[in-house]
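This briefing goes through the structure shown here, topic by topic. Please keep the sequence and the model open while reading.

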Amino acid sequence: MTEAAATLSQEDYILFEQTKRKHRYKQFIKGMLFLLPSIVLFSVFLFYPLLRTIYLSFFLTDASGAPTVFIGWDNFVTLFQSSIFQQSIKSTFLFVLYTVPLTIVVSLFLAIIANEKLRGIGFFRTIFSSGMGISVAAASVFWLYLFHPTIGFLNIILDTFRLEKISWLTDPSWALIAISVTTIWMNIGFTFLILLGGLQSMDKYLYESADVDGAGYFYKLRRITIPMLSPTLFFVVTVTIINAFQTFGQVDILTQGGPQNATNFIVYSIYREAFTNYQFGSASAQAIILFIIILIMTIIQFKLGERKVHYQ
Amino acid sequence: MSYIELTDITKSYHAGKNILEKINFTIEKGEFFVLVGPSGSGKSTLLRMIAGLENVTDGILKMNQKIVNHLPPKDRNLSMVFQNYALYPHLSVEQNILFGLQAKKVSKKEQKKRLKETAEMMGLSDFLDRKPRQLSGGQRQRVALARAVVSEAPLCLMDEPLSNLDAKLRAQMRVEIRRLQKQLGLTLIYVTHDQVEAMTMGDRIMVLNDGEIQQVGKPITLYNEPANLFVASFIGSPKMNIGKAEVKNTSCFLINNTLSFPVGPILQEALKEHKDIVVGIRPEHIQPTTHHEATHSLEVVNVEQLGNETTLAFDVDGELWTAKWPGQWDIMAGHQLKVYISEEHLSFFDAQTKQLVRPASFNSQEEVQAI
């Protein structure tokens, strides 16, 4: 009897395996169908251009962007020897340094005050986040007028206090600061909204419990709000840094990389190299360098950040 | 000289509709006071007003003979345990317990001493380095209690602290909280919707419904002499059986057109004042006919065997009545069953005002056994 059962189960086993394999195959096909749209889109607009850029970075090109001579690492070597590119990297890092911390601090402050339960707070929340709805071009033009040397609002203010007028966008020592201020203003909407969302999702019982325990406002801020907000803060810092490295629009409209290359950030430099100088090989090499810089920055952040961040 | 005194306390969020209406009661020092009521009755709001987390719309709240209406929570010298424990998820158990002491800048030495004592008392010494998410429900509950204990505040407020625990743990924590309260001499105000918790833990219970006090008293008083129909059906499990009484003639009355009882002299007098009468009887007072002669016969609809007792459901003119008999009874659903119901076990309520007319008159003799 046990033998019969064994042979039966042997056949059953094979059948069972077959059905299982068939089922798994079906599941795989189904999964691929769901992924297909993304795979196609990413391939056309992301994977192919990425590979093409890497390929181009090892070539000299003609004016239409077709590779002509293979030169190996020469594009990279030339770049690192070029003082213009060094200046470009330096000003990009300076720009990140000026914008990221200030954006975070200002947005955090706005988010914390907008998180209070006050009458008409909805109005302020809308105002603080409205920057998100303004396009980079529109905001830049708006700031262009503010920075205007004679009719600009900023210089009019300086003038009323009998201070010397500043040529915001044409003075090499001020241009970077002017662009940074514009960028901070533009980024606040997004970071504010994300941080406010983080604050709103916090359990109000924690604060009530702290109230009963006798904690003051700043004690609660330091011991509860900031640590509980750390995952959101971490996200916002990462995204803001990446965005800062990729800044283009405001530079193009406000300064075109000048004066004296003070605001010639990497992305703008890539653009100039490719579409003004028609050096697609060298531009590709810069793009690869930017990609690697952002990648390294993000990895460092994750390595340093993960330890400090508290996830629920 | 009561410890906490509420005078005409009223709460409303929007003008016009009051969530709590002129609440008056006092709590003595060292008392275990339970606020019980169905959800939406305003019990949590009342507790939060005492804590200072909600504003008092109207009325006077006194603690230690001082008016505290305007004081923020931290100046009221109390501790609070929340329903979801409100543990800080990013802090270890030790930091959670010490949070309040650090906020109040208690000295490091004192902190250490109190932490050690509390952790030992609550059995948390081995978990001090863990984060709340690494703890079981019962352990989290203990951390929440430890936070209240470590503050050494004389008054502790608890808002449904056991509702997130499973039944077994809940029964165990009931005993622990009760013991803790006695050991530390705490004045404890405890909010719950569970009448079993209220009955088993409280020195005194206040039943709240729709923002109004229904009755304040000792658990046994509430059980034996419920002030109105709401308290009668809210306190006790299974709940009291309620039926409409109808006087047939001068010598007898009918409950739900089925059960007839003789009209006694007390009832006759009561009937003069109250037109409609509603009768209540506790499940344990529909008794088997072992010691008594059968008075009525009822149709059994359902039988629940609990091992130590048997719960029977009867159909009494369309309404389900329950009876609780000690021991195990082999009864089949669908049969007619002879039962004994004594007239003196009936509580009488006015159908219009819903107030108690006459409580069941058994109490002092057989049920309560003094040691």
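## Strands β4 and β5 of chain B

Met63(B) stands opposite Lys66(B) in β5(B). Strand β4 (residues 58-63) of chain B and β5(B) run antiparallel and are joined by 2 bridges. Strands count as paired if DSSP finds at least two bridges between them; helices (H or I, at least four residues) and strands (E, at least two) are DSSP runs, numbered from the N terminus.

The model is predicted: local features need pLDDT of at least 70 and side-chain atom pairs count only at pLDDT 80 or more, while totals for chains, interfaces and linings use all residues. Residues are numbered from 1 along each chain as its sequence is written, and chains are lettered from A and ligands numbered from 1 in the order in which they are written.

**Sheets and strand pairs of chain B**

- β4(B) and β5(B) belong to an open sheet of 4 strands in chain B, with the order β2-β1-β4-β5 and antiparallel pairing.
- One side of β2 (20-27) and one side of β5 (66-67) of chain B have no neighbour in the sheet, because these strands stand at the edges with a single partner strand each.
- Helix α1 (residues 43-51) of chain B lies across β1 (4-11), β2 and β4 of chain B, at about 120 degrees to β1(B). Such angles run from 0 to 180 degrees between N-to-C directions, and axes are lines fitted to C-alpha atoms, for helices over the stretch in contact.
- A parallel pair is formed by strand β3 (residues 32-36) of chain B and strand β9 (residues 204-209) of chain B, over 4 bridges. Here Leu35(B) is opposite Met206(B) of β9(B).
- β9(B) also pairs with strand β10 (residues 212-217) of chain B, antiparallel and over 5 bridges. In this pair Val207(B) has Gln215(B) of β10(B) as its bridge partner.
- The hairpin of β9(B) and β10(B) has 2 residues between the strands, and Asp210(B) in the turn has a positive phi of about 50 degrees.
- Another open sheet of chain B has 6 strands in the order β13-β12-β11-β14-β20-β21, again with antiparallel pairing. Its edge strands, β13 (259-262) and β21 (356-358) of chain B, each pair on one side only. From one strand to the next the twist averages 40 degrees.
- At one end of that order, strand β20 (residues 347-350) of chain B pairs with β21(B) in the antiparallel sense over 2 bridges. Phe348(B) is opposite Arg358(B) of β21(B).

**Domains and annotation of chain B**

- The domain assignment, whose bounds come from an automatic or database source, gives chain B domain 1 (4-229) and domain 2 (238-363).
- The C-alpha centres of domain 1 of chain B and domain 2 of chain B are 38 Å apart.
- Between these domains, 6 residues of domain 1 of chain B are in contact with 9 residues of domain 2 of chain B. Residues are in contact if their C-beta atoms, placed from the backbone, lie within 7 Å.
- The domain 1 side of this contact has 3 nonpolar, 2 polar and 1 charged residues. Ala, Val, Leu, Ile, Met, Phe, Trp, Tyr, Cys and Pro count as nonpolar, Asp, Glu, Lys and Arg as charged, and the others, Gly among them, as polar.
- UniProt, in an unreviewed entry, annotates residues 4-235 of chain B as "domain: ABC transporter". UniProt positions follow the numbering used here, feature names are shortened, and annotations may be inferred rather than shown by experiment.
- Residues 4-235 of chain B are 37% helix and 24% strand, with end C-alpha atoms 25 Å apart.

**Chain A**

- Chain A is assigned domain 1 (2-56) and domain 2 (82-308), and 44 Å separate their centres, taken over C-alpha atoms.
- An unreviewed UniProt entry places "transmembrane region" at several spans of chain A, including residues 28-51 and 226-245.
- Residues 28-51 of chain A are 100% helix, with end C-alpha atoms 27 Å apart; residues 226-245 of chain A are also 100% helix, with end C-alpha atoms 26 Å apart.
- The axes of helix α3 (residues 83-114) of chain A and helix α9 (residues 217-245) of chain A come within 9 Å and cross at roughly 145 degrees.
- The residues of the contact of α3(A) with α9(A) comprise 9 nonpolar, 4 polar and no charged.

**Contact between the chains**

- The contact takes 15 residues from chain A and 18 residues from chain B.
- On the chain B side, β6 (78-81) and α2 (93-103) of chain B are the elements that give two or more residues.
- By class, that side of chain B has 11 nonpolar, 5 polar and 2 charged residues.

Methods:
Two residues are in contact if their C-beta atoms, placed from the backbone, lie within 7 Å.
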